[in-house]
Every structure is written in structure tokens, then in C-alpha cells.
Amino acid sequence: MRSGVVTFKLFRLAGGRGSFATVKAWSVAGLVAVALGAAPPVAACAQDGPAAPDPSWLQVDSVTKTVTFQLVAGLTGLNGALNFNGFRDGGLTLTVPVGWTVVMHFRNHDGMLPHSAEVITDAHPLPTGPVAPAFARAFTLRLEQGLISEQTDDLRFIADRGGSYLIFCGVPGHGAAGMWVRLEVSGSVHRPSLAATPAGKP
Ligand SMILES: [Cu+2]
């Protein structure tokens, strides 16, 4: 009966994502899960990206009020690598106190596609390409063309206005396809944090 469960899950995934590569990865994970006697839902969680953000992605200097974030485009194969740090569609939120300096060390880990990043105002619908950044210098070089595999660039800005923002890939079509996570600039927190959050439209 196990194989029946796995087949159902693969079918459901194929309908939801429509990605052959993802389905293939799932089928392997499912078979491994069955072989090990693990429950398929555990494998399902693992395939959706890290269950929790890696603490090493965030460095906090409370003296200079600077938060440094390792922002990695295409860290995993999730969503055809259209993800930041393995999260898509707002599934990761960086929260910083108002007035802090934010440094994002951007790196493109995707071996196939170019990517970029910019901080933009939360928008409906999502832009189809680059838009004006919400803060000065809150964008990478070659915002529209993207940086190629293993290229890096830094975003550096002062989060001087509270609100809800998106960390968005400016390469046409990527952001709208889910390549964005969230930045919250809050007047009611005293320390930056990074957390998995419900994925969905902004
Ligand atoms: Cu991209």
C-alpha cells in the first residue's frame, strides 16, 4: 500500500508544480522514504526546502546596529531554482528594526540562470521585471540581466522607513514566478531575526 501513497503524492505534486524535474526528485525521495520506512510527509517537508532558516545566514552587530544577511539565489532546486535561500513566494522573512543598516551579501548559486535582487515595496500584482528599489542601494548590479553563476554583489542600505517589503529577483519573470522573500522593517522589535513564514502572494 505504500507505493500507492507515493504515487498519489507524485500525481498531486505534478498538478501543483508542473515541473518534471521536481517530480523526478520527489519520486526518488519517495522511494527512499519507503525503503527506509519513513513516513512520506517527512520527505515532503524536506523537499519543500529547509524547515528552518540556517542561523549562519544572519549576523547581528548590535553596537553598530548592522545586520548582515547571506542572500543566496537558487540555493536549492526548489521552484526550478527560482528561490532565495531555498524559499519562494515569501516563505522566508527577514525582520529588522527601523534605523538599522542592512547589508545583504548576494550570491547566485544557480548554475543555470542569472539572478539579481532588489528590495521593493510590497506590490499587487508582482512586477514582471525591475522596479525602483524601496531604499537607496537596495539592489544588485545588472538588476535586469542578472548576475551569472557564483557572481556576488552587496546591497547596503539604512532601513529608515518601517513597512513590508519584498526581496525580489529583477530578472524578467523570476519574481512573478515566486522568486521573492520578505523584509519587514519594524518599529516594535529590537533585534533582527529570520524566520520561515507562510508562503503566498504578497
Ligand atoms: Cu532570478
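Reader: Where is the place of Asp54?

Author: Asp54 lies in the loop between helix H3 (40-47) and strand S1 (58-61); helices (H or I, at least four residues) and strands (E, at least two) are DSSP runs, numbered from the N terminus. The model is a predicted one, in which local features need pLDDT of at least 70 and side-chain atom pairs count only at pLDDT 80 or more, while totals for chains, interfaces and linings use all residues. Residues are numbered from 1 along each chain as its sequence is written, and side-chain values use heavy atoms, with hydrogens and water left out.

Reader: Why does Asp54 count as partly exposed?

Author: Buried means under 20% relative accessible area and exposed means over 50%, with partly exposed in between (1.4 Å probe, protein chains only). Asp54 has 34% relative accessibility, and therefore counts as partly exposed.

Reader: What does the side chain of Asp54 reach?

Author: The side chain of Asp54 reaches the backbone nitrogen of Ser56 at 2.8 Å. A polar contact is a pair of N or O atoms within 3.5 Å; within protein, one must be able to donate a hydrogen and the other to accept it, and residues adjacent in sequence count only if both atoms are side-chain atoms.

Reader: What makes S7 and S8 a pair, and in which sense do they run?

Author: Two strands pair if DSSP finds at least two bridges between them. Strand S7 (residues 163-168) and strand S8 (residues 180-186) have six bridges, in the antiparallel sense. In S8, Arg182 is the bridge partner of Leu166. Arg182 is also the bridge partner of Thr93, and S3 pairs with S8 in the parallel sense over five bridges.

Reader: In what order do the five strands of the open sheet stand?

Author: The order is S5-S7-S8-S3-S9, with mixed pairing. Strand S5 (118-121) and strand S9 (193-196) are at the edges because each has a single partner strand, which leaves one side of each without a neighbour in the sheet.

Reader: Why is S8 described as largely enclosed by the rest of the structure?

Author: Six of the seven residues of S8 are buried, so the strand is largely enclosed by the rest of the structure.

Reader: How many residues has the largest nonpolar core, and what makes a set of residues a core?

Author: A nonpolar core is a set of buried Ala, Val, Leu, Ile, Met, Phe, Trp, Tyr and Cys residues joined through side-chain atoms within 4.5 Å. The largest has 34 residues, and those with the most contacts inside it include Phe69 and Leu183. S2 gives the largest share of this core, four residues.
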